[in-house]
Structure formats: structure tokens, C-alpha cells
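Visitor: Could you take me in for a close look at the ligand site, and then show me what sits around it?

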Amino acid sequence: MKDEIKNIKTLEELQNLYTSVFGKNGSMTMKLKNMANLSNEERAVVNTENAELRQLFKEKQTEIENAVLNAKLANEYVDVSLDVEPENHGSIHPLTQSAKEVVNIFESLGYTLMEGPEIEDDWHNFTALNTPEYHPARDMQDTFFLENGNVMRTQTSAVQIRAMEKVGAPIKMFTIGQCYRKELDATHSCMFGQIEGLCVDSVEKKINLSDMLSTMRTFASRFFEKDDVELRIRPSYFPFTEPSIEIDMKFGDEWMELLCGGMVHPNVLKNCNIDPNKYQGFAFGFGWARLAMVKYGLDDIRAFTDSDVRWLKNTGF
Ligand code: DAH
């Protein structure tokens, strides 16, 4: 029996032999059933034989299984040196990526993210922003008008009005969203993202332009991952801020416009039922795609919305 087990080559044969020994009518099964008729010595012999045979079957099974596995491994190996089709991984769009970074930075500075509609009424987009009908500053923005008199919002400044109407003062909010103007060239798109921020508090806190400047310095330093941010201020004009400024940032030898802003005009506060004798603050706005263009070294704003996968790949995203 022992030799028989040793010579077996397949699991199937082993199983058959096992059944003939340990199965219902198997030779060992019979012997065990007959134990009652045996002497102590004879029982000891049967017990030993039983244990030995079980051990042999077990060893043989492991041996055959290993042999089968080894044969399989020898035949079915993977050749890791073969050329394979490169996998296409999706990636986060550069605009989404920079939006996330902007949101993280302003939230960490204590600004609350708020939202407003992209179809805006005249009040929020212009009038409340100290730009009444026939004000020449309306010409600064080529507006898409809807038939019912509403507009596609031309600036996220509309959201600062909504925010102050809703929350009042003090307030520290920002928003990020799409705006629309009738202009299209390499640095302008009909639809473009803007970021708007507003910080208004009691006059006793004396919020002023230098607070805005240091906020912008912190923002620029974090967003562009630069310790030594060089900024310069130019005077500007917006109906909703007085004084109004534009802030440029130096990249290498070049100055790039970063954002616009100023001290919130008293009329704007009044339009939102906030007393300008009690509250003051600053507001700022900037182009979100421009930020991404500068940060990632891109030169055509239209490419952001062309959905050209080759372009996205070349941006390194
Ligand atoms: N809304 C302005 C624009 O689109 C940008 C801007 C300027 C926003 C000054 C502001 C600000 O909040 O204070 O050109």
C-alpha cells in the first residue's frame, strides 16, 4: 500500500486510492470497524497503520499540488519587459485645480465662500455697485443682455452685494464663479472665472488698503508658492471702490497684473443698508483663469474651455 501511494502521479488517482482505503467500505474503514474483536496488541498495530497511511496520503497530496503549481508557474509567467499600450489616466483640469487652491487659501484666512446666480439683475450687477443707468462705467464691460432686462453677470462683484444684503456687516466673504462679456481674444474669453473678496468691519478696526495689500501678499505667496512676493500698486478706477487700485506682481523681470480692488465705496454700503459711518472695508476681484495661466505658464485663455485633451496633456496635468 505504501509503495502504491508513492507511485501515484495525479490527484485523481490519489483520491480513488484514498476512497478505497478510507471510504465507506474502504479497507482501513473495515479494519477500524472490526476493532472490537481485536486484542490490544492488534488494535495498536491497526492504529499505527491508520495514522501512517493518513500521513502518507497527506504528504502525497501536498507533493502533487506543489508539482502542479510549479508546472503552472513555469508556463504562465508574465513578461514584464513586453511593450504595453500606455494607460490613459484622467486628471484634474488646471482651472479646477487652481480654484481648489484659491478656495483653500481664502478659507484658511477666515473668508466664507458664498455664491450668486450667473443670470443677474441690473441692481446686483450694476446699480447697487454704484453704477446706475447711463453711468459711463457700464461701458467698461461689454454686457450680454437678456430680453427681460436681466444680464449674464459681468462680474462676481454682484455677489458682494448679495452677501451684504443677506449677512449685513461685519462680513468677510469671497466667491468664485463664471462671468460673461462680449469679448474674445488670447487673453479674454466670453466666459471667464472671477474671484471676488470682501472684508468689512466696524470703523474702529480701521480696515484700510494696507490690510488688503498684506492679504494679497499672503494669498500670492501661498498660491504661487513663493516666499518673496514683490507687489506694486497702481491707481485705478472702479465705481464701487474709492480709492481704487490695481496690484501687480513681479515674475522674473516682468510685472503682471494680479488683481483690482479698493476701499468699498460708501454708496455701495448704503445700497446694502450698511451705515458707512459705522463700517468700512476693502473689496477685491481677479481673473481666476489668469491666475492659473501665470502659475502654470499657459498663454491662451481660450484653451481652458476648448476641451482639447492634447492641450490638457501638454499642460502637464
Ligand atoms: N469687478 C471688477 C471687474 O470685473 C473687478 C473688481 C475691481 C472687483 C475692484 C472688486 C473691486 O471687488 O473692488 O473688472
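Guide: Phe-284 puts a backbone N or O atom 3.4 Å from an oxygen atom of the ligand. Keep in mind that this is a predicted model. Zoom out a bit and you get 16 residues around the ligand, with Gln-155, Ser-157, Arg-181, Gln-194 and Glu-196 coming nearest.

Now follow Ser-157 into its helix, H7, which spans residues 157-167. Ser-157 is one of the buried residues there, along with Ala-158, Val-159, Gln-160, Ile-161, Ala-163 and Met-164. So what covers them? The cover includes strands E2 (119-120), E4 (171-180), E5 (191-202) and E9 (279-287), plus helices H6 (122-125) and H9 (266-271). After H7 comes Gly-168, with a positive phi near 75°.

One more stop, at another helix pair. The axes of H5 (residues 94-108) and H10 (residues 288-296) come within 9 Å and cross at roughly 100°, so these two helices are roughly perpendicular to each other. On the H5 side, the contact is made by Pro-94, Leu-95, Gln-97, Ser-98, Ala-99, Glu-101 and Val-102; they meet Trp-288, Ala-289, Leu-291, Ala-292, Lys-295 and Tyr-296 of H10. Sorted by class, that contact has nine nonpolar residues, two polar and two charged.

Definitions and conventions
Residues are numbered from 1 along each chain as its sequence is written. This is a predicted model: local features need pLDDT of at least 70, side-chain atom pairs count only at pLDDT 80 or more; totals for chains, interfaces and linings use all residues. Side-chain values use heavy atoms; hydrogens and water are left out. Buried means under 20% relative accessible area, exposed over 50%, partly exposed in between (1.4 Å probe, protein chains only). Helices (H or I, at least four residues) and strands (E, at least two) are DSSP runs, numbered from the N terminus. Contact means heavy atoms within 4.5 Å. Axes are lines fitted to C-alpha atoms, for helices over the stretch in contact, and angles run from 0 to 180 degrees between N-to-C directions. Angles under 35 degrees count as roughly parallel, over 145 as roughly antiparallel, 65 to 115 as roughly perpendicular and the rest as oblique. Ala, Val, Leu, Ile, Met, Phe, Trp, Tyr, Cys and Pro count as nonpolar, Asp, Glu, Lys and Arg as charged, and the others, Gly among them, as polar. A residue is near a molecule or strand if one of its heavy atoms lies within 4 Å of it. A polar contact is a pair of N or O atoms within 3.5 Å; within protein, one must be able to donate a hydrogen and the other to accept it, and residues adjacent in sequence count only if both atoms are side-chain atoms.
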